[in-house]
Amino acid sequence: SQLARNETENLSFLPIDNKTSSGIVALRLMIERVTRNDEAVNDSVSMRWILLLDEILSKRNEDRNFLTLTDVKELGARVGVNQAEEIEAALRLYHERGMLIHLTSTEILKNIVTIVPQWLVASLSKVIRDDDVHSLDIQNYRAVGLEEDVERTFNEALASRDFLEYVWPKSQVDFFIELMRQTLLLSLWNCSKEKYYLVPSLLKNIYQGPRITGACIVFDFSNGFLPKGLFQRLLCLCIEYTSMRNSAAAKQMSKPEVYQNFCSMPFDRDHMMYLEEDSTLQLITVIVQDETQAARTLEIVLSMIRKINCDVMGSGLKWKTLLEDVETGNLVNLVSARESRLSPWFDTIAQEKKNMETIMGTDLEVFLNML
């Protein structure tokens with residue numbers, strides 16, 4: 001387990017009082033104990049790798065927040081680490097140990113080695129922001145002709161490229177867009193003439209429309225917890241999937257309706273799918289009106305939730321998958337439904353459980369193309 005429990009107080013955390021500094025000593029002792037017991041601490045590391053790390057982190061003193069992969073290769077040449085494979089292995093080790101951040105799922109991400117993690121947080125907070133915490137000076141945006149862009153971003157959760165190029169240095173925009181896409185904080189919005197990016201965490205409106213009817217898939221997290229942001233990440237994956245599958249017909253298709261807790265979208269062209277979150281009951285419900293698409297929808301959405309669990313949530317989520325028996329209206333657990341070939345979820349060719357572990361953690365496009 002990665003969780004070090006507070007056995008003294010029988011808690012899963014160590015309480016800290018910022019005013020009195022109470023608890024700091026206990027936290028320090030806990031960190032020392034866990035570190036000393038970590039087998040990785042005793043791993044042998046080449047002195048050249050240690051020199052490479054020193055060279056990389058020394059750039060913090062030059063007010064550098066990140067280095068390019070080319071920069072790192074030049075530093076490696078100084079200390080005798082010349083092979084690309086060896087440099088990547090060293091970066092992978094230091095990333096795993098939390099000494100720097102190097103994401104490798106796409107070439108854009110792979111080219112940036114972050115040496116000041118707070119830089120990422122500060123940069124992303126220029127887009128993902130809380131109105132109660134972060135003030136917004138609309139005058140600055142008005143002065144550069146971006147008033148409509150900023151209002152659309154923070155009122156409709158749709159960010160334009162012009163807006164992103166204003167809040168981030170132009171040379172870093174592609175990196176941050178790719179970072180947010182791969183971490184499911186943003187998705188392409190291929191539903192209008194202009195190019196936008198949907199940022200679901202900025203959605204404010206709550207769906208209060210009529211109740212949608214259809215065959216239901218219920219993901220029940222009540223035995224554990226439904227983390228804030230899980231629904232928004234699922235929404236990102238669904239929008240990306242819809243945009244990719246239906247790009248040629250996107251302009252003729254129904255436009256997705258997105259809310260903080262609800263979404264309706266065309267899934268595989270004519271097939272409409274509905275997502276709904278109930279944070280009180282800890283449920284995410286998928287509603288399918290075309291029963292001929294029920295089996296396919298189940299396969300896709302279940303794979304998406306598994307990916308989010310593996311790639312974002314550290315495989316720590318626990319949930320039950322329940323399928324509606326359309327004849328009785330009762331909910332049946334996934335295992336029983338599969339064994340009884342419950343209609344309409346298993347009406348098509350027998351569905352074999354895919355080995356999704358082989359593509360978890362991979363590039364977003366690879367995952368979506370495998371669905």
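## Basis of the model

Residues are numbered from 1 along each chain as its sequence is written, and side-chain values use heavy atoms, with hydrogens and water left out. Because the model is predicted, local features need pLDDT of at least 70 and side-chain atom pairs count only at pLDDT 80 or more, while totals for chains, interfaces and linings use all residues.

## Helix α12

Helix α12 covers residues 294-311, and its 18 residues reach 26 Å from the first C-alpha to the last, close to the 26 Å expected at 1.5 Å a residue. That expected span is 1.5 Å times one less than the number of residues, and helices (H or I, at least four residues) are DSSP runs numbered from the N terminus. The helix is mostly covered, with 13 of its 18 residues buried, where buried means under 20% relative accessible area, exposed means over 50%, and partly exposed lies in between (1.4 Å probe, protein chains only).

An α-helix has 3.6 residues a turn, so residues three or four places apart point the same way. Arg296 is partly exposed at 25% relative accessible area, and Glu299 is likewise partly exposed, at 22%.

## Salt bridges between helices

The structure holds 13 salt bridges, each being a side-chain nitrogen of Lys or Arg within 4 Å of a carboxyl oxygen of Asp or Glu. One of them joins Glu55 and Arg78, with the closest N and O atoms 3.5 Å apart. This pair links distant parts of the chain, since Glu55 belongs to helix α2 (residues 47-58) and Arg78 to helix α3 (residues 69-79), 23 residues apart. Glu55 counts as partly exposed at 23% relative accessibility, whereas Arg78 is exposed, with a relative accessible area of 58%.

Another salt bridge brings together the side chains of Arg181 and Glu240, at 2.9 Å from N to O. Here too distant parts of the chain are linked, with Arg181 in helix α10 (residues 173-182) and Glu240 in helix α11 (residues 230-245), 59 residues apart. Both partners are buried: Arg181 has a relative accessibility of 8%, and Glu240 has one of 4%.

Salt bridges that share partners join Glu178, Arg181, Glu240 and Glu365 into one network.

Notes:
Helices (H or I, at least four residues) and strands (E, at least two) are DSSP runs, numbered from the N terminus.
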